[in-house]
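Dear colleague,

I am handing over the structure below, and I would be grateful if you could look through it alongside the notes that follow.

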Amino acid sequence: MAEVLQVKVREEVGSRAAKRVRQAGQTPAVLYGHQLANVSLTVPTDQIEWAIRHGIRMVQLQGDIRDTALIREVQWDAFGSHVLHVDLTRVSASEKVRMVVPLELRGEAPGARQGGITEQLIHEIEVESAADQLPERIEININELGLGDAIKLGEVPMPEQVTMIADAEEVVVQCMSAVEVEEEEAEEAEVAEPEVIRRAAEEEDQEKD
Amino acid sequence: MALMPKRVKHRKNQRGRIKGKASRGNKVVFGDFGLQALKGGWIKAQTIEAGRIAAQQYVRGEGRLYIRIFPHKSVTSTPLETRMGKGKGEPEFWAAVVKPGTVLYELGGVTEQQAKVCFARLAHKMPIPVRFVRRRPA
């Protein structure tokens, strides 16, 4: 579903102007693509944050510009709580686009009940599909993941008309025994002080002394 | 055992200043939930270890804990009742320099409720204000 954003064309550019825009409850954005000129925009912060937090990718622009766009990139502040800027690309519904979508685990691994730890190694993948067919997330069922088992990217069921752009042999999720994990994290013997890296010339001088 | 570098270029570091906010290491990357610093500061290697123990006692055998900071900085001190001069003191402990926004620990393979309880225990060990964060939307 495409979320409707009320956009306004932004004349002022630069960090100080952008700060003023944010103080007024708007978020600076840029619209590009389809070999047309880039347009600086402002979008209401509450609308864009709602869309981002609900995983919405396709947005319907209304107001000064009427178009369909895809949320291509989002800039966050240092704490990850506020959206600073949004990149929007013009798309038509049938156009093929590449986007990064999150991978989410569903269910409970039987291996976890046998003393294993379910570890998700890949949290997002790049996919290609028609803009209106782009999934919000890809779900992986782990109800049959036993102890010592792993699910590779190639085994992840993809929605129809969605192609994965990644190495199919990469492991997405695995269930390792807790002992193995602890061994991996086991620290080396205690050292009182680290070794100091010296230049060869300094070492020679010390040897002479 | 507390963390410490294996090899260093210099045994003693200057104190330095913590300027600005974290522009890297400020996202949850490995796990599903994280503990984020809200202020800057030095976190001792012993404190990082104390946090790890507090968290692992809770998640033992269930989730996976990731430590995202490392104590690269040596902090020196001079003994008590020492007269002025005689040079810089000896290294006393190792510390991680943390900017506001840095993700200190991450946790994966547990529910949000479990992660919140775990990080609440861990937060008591931290010398700076921290908060619970989730993975950012892709």
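Two strands are taken to pair if DSSP finds at least two bridges between them, and the elements themselves are DSSP runs, numbered from the N terminus, with helices being H or I of at least four residues and strands E of at least two. Please bear in mind that this is a predicted model, in which local features need pLDDT of at least 70 and side-chain atom pairs count only at pLDDT 80 or more, while totals for chains, interfaces and linings use all residues. Residues are numbered from 1 along each chain as its sequence is written, chains are lettered from A and ligands numbered from 1 in the order in which they are written, and side-chain values use heavy atoms, with hydrogens and water left out.

In chain A, 4 strands make up an open sheet of mixed pairing, in the order S10-S7-S9-S12. Strands S10 (138-141) and S12 (162-164) of chain A are at the edges with a single partner strand each, so one side of each has no neighbour in the sheet. From one strand to the next, the twist averages 40 degrees. Within this sheet, S7 (residues 96-106) and S9 (residues 124-130) of chain A run antiparallel and are joined by 7 bridges, and A:Arg98 has A:Glu128 in S9(A) as its bridge partner.

In chain B, helix H1 (residues 45-59) packs on helix H2 (residues 112-123) at an angle of about 150 degrees, with the axes 8 Å apart; axes are lines fitted to C-alpha atoms, for helices over the stretch in contact, and angles run from 0 to 180 degrees between N-to-C directions. H1(B) is therefore roughly antiparallel to H2(B), a term used for angles over 145 degrees. The contact (heavy atoms within 4.5 Å) includes B:Gly51, B:Ala54 and B:Tyr58 from H1(B), and B:Val117, B:Cys118 and B:Leu122 from H2(B).

Two residues deserve a separate look for their backbone, given that most residues other than glycine have a negative phi. A:Gln161, which is not a glycine, has a positive phi near 65 degrees and lies in the loop between strand S11 (150-152) and S12 of chain A; its relative accessibility of 56% makes A:Gln161 exposed, meaning over 50% relative accessible area with a 1.4 Å probe and protein chains only. B:Glu81 likewise has a positive phi, of about 55 degrees, and is found in the loop between strands S5 (73-77) and S6 (90-98) of chain B, where B:Glu81 is exposed at a relative accessible area of 86%.

Definitions and conventions. Angles under 35 degrees count as roughly parallel, over 145 as roughly antiparallel, 65 to 115 as roughly perpendicular and the rest as oblique. Buried means under 20% relative accessible area, exposed over 50%, partly exposed in between (1.4 Å probe, protein chains only).
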